[in-house]
Amino acid sequence: MKTLRETGALELRWVEPRLLGRAYELRAGEDDLATMRSPRWYSHRVIVEAAEGRWVLGPRGFFQRRIVVRSEETQSDIATLVLGWRGQGPLDLGDGRVLRWANTRFWRGEWSFLSEAGEKLVSFRRRIRVFRHEADVVVDPAA
C-alpha cells in the first residue's frame, strides 16, 4: 500500500470490491491506500489498515453515540467522534484539535470533516451503484 503523501492525490474513492462484502478499499486511481473491514457479520467494529498503521474503530456508550479510534499498535485511543441525533458531531483528535463531522450537502449525500473555522478538510460524497457502496473522497490541500 502507498501513503496519501506518496500519491499526492486529492481525489480518492472508497469502493466495495466484492458484492455484499464486508470490506472497503480507499483508492487513488489504481493505488490502494487503505482497507476497512468488519471482522464478522453484524459487527459494529471495523479494522482499518494503511501503510502508516492499523486502527480499530468501534462504538462506545449506550445513550451517547461515540465512535472511538484506537491504535492497534499502542492500544491507546487516538480520536473520538461524538454523534448527535442527526449524525453530526465533534471529532476530538486527542491533541487539542477538534474537527466537526457534518452533513454539508443534504440532498447530494455529502458528509465532511470541517476545521474549527468551518472549512471543508475532507469530504465524502456517496455514489449510487447497484448493490455496491462507493463514495468519492475529496481532500483539501490544507488538510
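**Note on aromatic pairs, a surface patch and salt bridges**

1. At 27% relative accessibility, D31 counts as partly exposed, a class lying between buried (under 20% relative accessible area) and exposed (over 50%), with a 1.4 Å probe and protein chains only. The model is predicted, so that local features need pLDDT of at least 70 and side-chain atom pairs count only at pLDDT 80 or more, whereas totals for chains, interfaces and linings use all residues. Residues are numbered from 1 along each chain as its sequence is written, and side-chain values use heavy atoms, with hydrogens and water left out.

2. D31 forms a salt bridge with K2, the closest N and O atoms being 3.6 Å apart; the term requires a side-chain nitrogen of Lys or Arg within 4 Å of a carboxyl oxygen of Asp or Glu. Because K2 lies in the segment before helix 1 (4-7) and D31 in strand 3 (residues 31-37), the pair ties together parts that are 29 residues apart in sequence. Helices (H or I, at least four residues) and strands (E, at least two) are DSSP runs numbered from the N terminus. K2, at 38% relative accessibility, is likewise partly exposed.

3. The structure holds 15 salt bridges, including one between R54 and E49, whose closest N and O atoms are 3.4 Å apart. R54 is partly exposed with a relative accessible area of 29%, and E49 is partly exposed at 24%.

4. A network of salt bridges links R13, R127, E134 and D136. Within this group, the side chains of E134 and R127 meet at 3.6 Å, N to O; E134 counts as buried at 17% relative accessibility, while R127 is partly exposed at 25%.

5. There are four aromatic pairs in the structure, where rings of Phe, Tyr and Trp (its six-membered ring) pair if their centres lie within 6.5 Å, and planes under 30 degrees apart count as stacked, over 60 as edge-to-face and the rest as tilted. W101 and F113 form a tilted pair, 4.7 Å centre to centre with 45° between the planes, and this pair links W101 in strand 9 (residues 98-105) to F113 in strand 10 (residues 110-114), twelve residues apart. Both W101 and F113 are buried.

6. F113 also pairs with F124 in an edge-to-face arrangement, 6.2 Å centre to centre and 75° between the planes. F124 lies in strand 11 (residues 120-128), eleven residues apart from F113. W101, W111, F113 and F124 form one aromatic cluster.

7. F131, in the loop between strand 11 and strand 12 (133-139), is exposed, with a relative accessible area of 62%.
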